Structure formats: C-alpha cells, structure tokens
Amino acid sequence: MESVKRVEIIAHSVELGKILDGLDKAGIPGYSVIRNVAGKSTRDHVSRNSSMTMLDNVYVLAFCDPAQISAVAENIRPVLNKFGGSCFISDAVELLTTKCVG
C-alpha cells in the first residue's frame with residue numbers, strides 16, 4: 001500500500017479545460033471526469049430558477065504523490081477563485097496490485 005493524496009474538484013463545465021491543464025502542469029498522471037453533476041453546496045447562493053442548471057457542473061477526481069499537492073493548489077486555486085467551484089484534498093491509500101496478464 002502506498003500513501004497518496006485524493007483531489008476532488010467540482011466546478012462549472014466551461015472551466016474543465018483550464019482545470020485539466022492545471023492538473024497536467026502539476027504533473028498529475030491521470031484523472032477521471034464525471035459530467036452533469038448535481039448537488040447542493042453550503043456556499044451556493046444561486047437561485048434554483050437560474051437559467052444555468054447544476055447539471056452544467058463537472059466532478060474531477062485525481063490521485064497523486066503528496067509532494068505534488070503544492071503544485072496542484074498553485075494551478076487550480078486561480079481557476080476556482082476566478083470562476084468558482086470547490087476543491088477538496090484528502091489522504092488516501094493506494095492498494096498496489098499486480099498487472100493483469102489475462
């Protein structure tokens with residue numbers, strides 16, 4: 001098992017390219033993107049009748065070496081500060097497995 005950092009980002013889909021560019025610049029080896037995410041935030045002050053629905057949001061999940069977290073924050077924070085969104089970073093453990101040969 002290996003200690004890693006889990007990075008979760010929820011933001012408007014228009015900013016997905018900037019977010020992924022930021023992860024690439026930070027040297028993140030890979031990520032998953034889930035589109036059309038809906039939910040409720042404690043910081044959400046937008047009316048439910050807004051023409052922009054919550055289904056315009058994306059969820060980005062990435063795992064990285066703990067040493068990369070400063071670079072992730074440096075690249076992602078400006079995008080979220082300008083356009084909104086949330087980023088959560090937590091500890092995780094990667095279960096190392098053998099490569100499938102079948």
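Trainee: How many helices and strands does the chain have?
Mentor: Two helices and four strands. This is a predicted model.

Trainee: What pattern do they follow along the sequence?
Mentor: Read along the sequence, the pattern is β-α-β-β-α-β.

Trainee: And in what order do the strands sit in the sheet?
Mentor: The order is β2-β3-β1-β4, in an open sheet with antiparallel pairing.

Trainee: Which strands stand at the edges?
Mentor: β2, residues 31-37, and β4, residues 86-94. Each has a single partner strand, so one side of each has no neighbour in the sheet.

Trainee: What about the twist?
Mentor: From one strand to the next, the twist averages 20°.

Trainee: How many bridges join β1 to β4?
Mentor: Nine, with β1 covering residues 2-12 and the two strands running antiparallel. As for E2, the residue opposite is E94 in β4.

Trainee: Where does α2 lie?
Mentor: Across β1, β3 and β4. Helix α2 takes in residues 69-83 and runs at about 5° to β1.

Trainee: Switching to I9. Where is it, and is it buried or exposed?
Mentor: I9 is in strand β1. Its relative accessible area is 1%, under the 20% cut-off, so I9 counts as buried.

Trainee: What does I9 touch?
Mentor: Leaving out residues up to four places away in sequence, I9 touches I19, L23, V58, Y59, V60, I76, L80, S86 and C87.

Trainee: How far apart are I9 and V58?
Mentor: In sequence, 49 residues; in space, 7.9 Å from C-alpha to C-alpha.

Trainee: On to the surface. What is the accessible area of the chain?
Mentor: About 7200 Å², with 54% of that belonging to carbon and sulfur atoms.

Trainee: Which residues form the nonpolar patch there?
Mentor: M1, V93 and L95, with about 390 Å² of accessible area together.

Trainee: Where is V93, and why does it count as exposed?
Mentor: V93 is in strand β4. Its relative accessibility is 54%, over the 50% cut-off, so V93 counts as exposed.

Conventions: Residues are numbered from 1 along each chain as its sequence is written. This is a predicted model: local features need pLDDT of at least 70, side-chain atom pairs count only at pLDDT 80 or more; totals for chains, interfaces and linings use all residues. Side-chain values use heavy atoms; hydrogens and water are left out. Two strands pair if DSSP finds at least two bridges between them. Axes are lines fitted to C-alpha atoms, for helices over the stretch in contact, and angles run from 0 to 180 degrees between N-to-C directions. Contact means heavy atoms within 4.5 Å. Accessible areas come from the Shrake-Rupley method with a 1.4 Å probe; for residues, only the protein chains shown count as cover. Patches are made of residues with over 30% relative accessible area and no salt bridge: like charges are joined within 9 Å, nonpolar side chains (Val, Leu, Ile, Met, Phe, Trp, Tyr) within 5 Å. A salt bridge is a side-chain nitrogen of Lys or Arg within 4 Å of a carboxyl oxygen of Asp or Glu. Buried means under 20% relative accessible area, exposed over 50%, partly exposed in between (1.4 Å probe, protein chains only).
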